[in-house]
Amino acid sequence: METNFETKKEERFIDESQGVLVNTFFPTGDDRMSQQEVANMFDRTVQTIINWKNKGKIPYYEIDGRPIFSRKQLIQIALKNQHLLNP
């Protein structure tokens, strides 16, 4: 089954830690960021972004085995976690 990721694809899943139904989506083309773009956004190295991703500090999606990030989600996280922005 072919999926068009340019349109917002919503999925529902149960967040086991919270026990609630959560909506998630694949970011649209203009909202997508690569690891390098995220590193530039936070003024960090790509390795730091990989570490944050692996530790679950920032959300990501995979398309064809490559991680992508939502600019909107990262901005929300940064606003709530100012320590991510401090050197």
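## Basis

In this predicted model, local features need pLDDT of at least 70 and side-chain atom pairs count only at pLDDT 80 or more, while totals for chains, interfaces and linings use all residues. Residues are numbered from 1 along each chain as its sequence is written, and side-chain values use heavy atoms, with hydrogens and water left out.

## Overall fold

The chain holds 3 helices and 5 strands. Both are DSSP runs numbered from the N terminus: helices are H or I with at least four residues, strands E with at least two. Along the sequence the pattern reads β-β-β-α-α-β-β-α.

Take contacts (heavy atoms within 4.5 Å) between residues at least 6 apart in sequence: 38% of them join residues at least 24 apart.

## Burial and surface

The chain has 87 residues, and 26% of them are buried. Buried means under 20% relative accessible area, with a 1.4 Å probe and protein chains only.

The accessible surface is about 6,300 Å², by the Shrake-Rupley method with a 1.4 Å probe. Carbon and sulfur atoms account for 47% of this surface.

## Helices α1 and α3

Helix α1 spans residues 35-42 and helix α3 residues 71-80. Their axes, lines fitted to C-alpha atoms over the stretch in contact, come within 12 Å and cross at roughly 30°. Angles run from 0 to 180 degrees between N-to-C directions. The two helices are therefore roughly parallel, a term for angles under 35 degrees. The crossing is right-handed, meaning the near helix is turned clockwise from the far one by less than a right angle.

V38, M41 and F42 of α1 meet L74, I75 and A78 of α3 in this contact. These residues divide into 6 nonpolar, no polar and no charged. Nonpolar covers Ala, Val, Leu, Ile, Met, Phe, Trp, Tyr, Cys and Pro; charged covers Asp, Glu, Lys and Arg; the others, Gly among them, are polar.

Note on methods:
Angles under 35 degrees count as roughly parallel, over 145 as roughly antiparallel, 65 to 115 as roughly perpendicular and the rest as oblique. Buried means under 20% relative accessible area, exposed over 50%, partly exposed in between (1.4 Å probe, protein chains only).
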